[in-house]
Amino acid sequence: MTQEAIAAAKADIEATDDLLALNDAAFDWTEAERLAALPDFDVSDELRKLKAEMRDDG
């Protein structure tokens, strides 16, 4: 996955309300963390920041 594709995907996510679903108790954080750590995604830092933001807003 190219940096350009990752940037486009991040922009798409940020432009939607889909992130509200992450407050769902059924959301599988372990799986999200596993996927975020994969070399094709490599967004673990961003996921940690998102989790921290959610805790601050809760």
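Reply: Confidence in the chain is highest in helix H2 (residues 29-37), with a mean pLDDT of 91, and lowest in helix H1 (residues 3-14), with a mean of 77. Here pLDDT is the predictor's confidence in each residue, on a scale from 0 to 100. The model is predicted, and local features need pLDDT of at least 70, side-chain atom pairs count only at pLDDT 80 or more, and totals for chains, interfaces and linings use all residues. Residues are numbered from 1 along each chain as its sequence is written, and side-chain values use heavy atoms, with hydrogens and water left out. The chain has an average pLDDT of 79, and 76% of the residues score at least 70. Where pLDDT is low, the predicted coordinates should not be read in detail.

The chain has three helices and zero strands, in the order α-α-α along the sequence. Helices (H or I, at least four residues) and strands (E, at least two) are DSSP runs, numbered from the N terminus.

The largest nonpolar core consists of five residues: Ala-32, Ala-36, Leu-47, Leu-50 and Met-54. H2 and helix H3 (44-57) are the elements that give two or more residues to this core, and H3 supplies the largest share, three residues. Such a core is a set of buried Ala, Val, Leu, Ile, Met, Phe, Trp, Tyr and Cys residues joined through side-chain atoms within 4.5 Å. Buried means under 20% relative accessible area, exposed over 50%, and partly exposed in between (1.4 Å probe, protein chains only). Of the chain's 58 residues, 14% count as buried.

Leu-47 touches Trp-29, Ala-32, Glu-33 and Ala-36, leaving out residues up to four places away in sequence. Contact means heavy atoms within 4.5 Å. Ser-44 also sits in helix H3 and counts as buried because its relative accessible area is 19%. Apart from neighbours within four places in sequence, Ser-44 is in contact with Ala-36 and Ala-37.

Phe-41 lies in the loop between H2 and H3. Its relative accessible area is 36%, so Phe-41 is partly exposed. Together with Leu-35 and Leu-38, Phe-41 makes a nonpolar surface patch of about 210 Å². Patches are made of residues with over 30% relative accessible area and no salt bridge, with like charges joined within 9 Å and nonpolar side chains (Val, Leu, Ile, Met, Phe, Trp, Tyr) within 5 Å. A salt bridge is a side-chain nitrogen of Lys or Arg within 4 Å of a carboxyl oxygen of Asp or Glu. Accessible areas come from the Shrake-Rupley method with a 1.4 Å probe, and for residues, only the protein chains shown count as cover.
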